[in-house]
Amino acid sequence: MSSSALAPEWLTSPADPNDLAPGVWPASASRDANGVLVIGGVPATALAREYGTPVVVIDEDEARSRAVRTRDAFASAAARRGGDARVYYAGKAFLSAEIARWMVDAGLRIDVCSGGELAVALAAGVAPSHIGFHGNNKQVWELERAVTAGVGTIIVDSLIEIERLAAITERLDVTQSVLVRVNSGVHAETHSFLATAHEDQKFGFPLSAAEEAVARIRELPHVRFAGLHCHIGSQIFGVAGFRESASRLVELHERLLAGGEIPLLNLGGGFGIAYTRADDPSPIEELAEGIVGAVADECDARGIPLPTLAFEPGRSIIGTAGVTLYEVGTVKPVRVQTPDGERDRVYVSVDGGMSDNARGALYGAQYSARLASREGMDAPALVRVVGMHCESGDIVVDHEYLPGDVTPGDLLAVPATGAYTVPLASNYNHVPRPPVVAVRGGSARVIVRGETIDDLLARDAGLDTETGLAAGEGEG
Ligand SMILES: *Cc1c(COP(=O)(O)O)cnc(C)c1O
């Protein structure tokens, strides 16, 4: 019986539905003699026993080595062109104190985009001068906190924000470096990019309005214009979109040089990762070479110095380091009518879902999955892994082949869940958010504690959380 008509074109039935596709899993992922998935030297079964499921497992060496590799790739690409490059880890992908420290150890700086993320970075001991602060509607208290803490750069997003910053820096009598976020009209995603005169989105100044913003900043005694910033999208595989955007940015950068020196140019993040075996992201060294080369060529052609370049990857550093473990609760074949006749799709329900990984429900993101507690024996069956929430869009892995003997009690691992899962987690259906556990060299430790139902009840102001009774109950 073939279920192929239900599978998307990019997904083919694997020869071995227990294999671990290279590039999708952390480099340390393997199976032990019993077929148990091992990450960072720790068996999935041991992790589930100790921490329960779901649990988000972060391979610390994978995160650290990707950070180092990224920093080296951009630094050496820039050095080959006689320049310099900085790498900021985009904290919005997943920030915790531990992760911030790993990034600092690797020589990265940290980007934040809220007062909360800023608080984490500062509490983790990140040097304020190595923090960049983003956002299209930073609150006045957030700007004040950032300026007071001495963050290295604030990326300004509107004329109103420039005036707010002018008032704050004047009142505090400090000078703040800023970058001007530009909307280059280029939006890129995976294999394609769109280049228009004006991109229809909320971030940054259109190219045509950036000069006015820079001119205003240059009038201000306490705000220093340090350069332009642009971020063209996410999960991008090639350099073409970056090249187009860089060319537009360098043209503007050159015009602005008439008004004074510009030390920096920040080209954002957005480098893609493999979520399934169908994804083929370029190595970061290739991207770095291509993007830095494009900017350097553009500067050479214009006879202007190459500014210090900055990049802000999030997903490409932390995404592949994460693997989420779930326990299978139910397995249910569903007959589906297709143009080629009836087919079976096996629905595999796990003990988490859109509350710990919203990306499927939010973006239709594709993932892959493998049995983690054993190797399956049966031939591959087309499955859809779904969560436990009261929502039909609660899909964890839309299309995958798993061994046909997948059964309740099996542990299921979903790779590439390190980025944009924990930060987007919710308590939908009053489901507590899972713990995050770092694994390395055969040992594991919690880096973000999981929630309990008591944690959730504690927020409910209609309950007396001391006694566990409803407010008003048990009085008099
Ligand atoms: C989201 C974001 C990033 C990081 O994007 P990734 O796709 O995770 O690399 C970098 N810079 C800015 C301004 C962003 O908004």
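Predicted model: local features only at pLDDT ≥ 70, side-chain atom pairs only at ≥ 80, totals over all residues.

Residues are numbered from 1 along each chain as its sequence is written, and side-chain values use heavy atoms, with hydrogens and water left out.

**Around the ligand**

Next, pick His231, which has a side-chain N or O atom 3.4 Å from a nitrogen atom of the ligand. How much of the ligand's accessible area does the protein cover? It covers 93% of the 390 Å² that the ligand has on its own (areas come from the Shrake-Rupley method with a 1.4 Å probe).

**Two helices**

Now select residues 159–172, helix α6, and residues 207–219, helix α7. Helices here are DSSP runs of H or I with at least four residues, strands are runs of E with at least two, and both are numbered from the N terminus. The two axes (lines fitted to C-alpha atoms over the stretch in contact, with angles from 0 to 180 degrees between N-to-C directions) come within 10 Å and cross at roughly 10°. That is why α6 and α7 are roughly parallel, a label for angles under 35 degrees. Show the side chains too: Leu159, Ile162 and Glu163 in α6 meet Glu212, Ala213, Arg216 and Ile217 in α7 (contact means heavy atoms within 4.5 Å).

**Two backbone stops**

Most residues other than glycine have a negative phi, and most peptide bonds are trans. Zoom in on Thr53 and Pro54: the peptide bond between them is cis, with omega near -5°. Pro54 is in the loop between α1 (44–51) and β4 (55–59). Finish at Ala416, whose phi is positive, near 65°, in the loop between β22 (411–415) and β23 (436–440).

Notes
Polar contact = N/O pair within 3.5 Å; in protein donor to acceptor, adjacent residues only side chain to side chain. Parallel < 35°, antiparallel > 145°, perpendicular 65-115°, else oblique.
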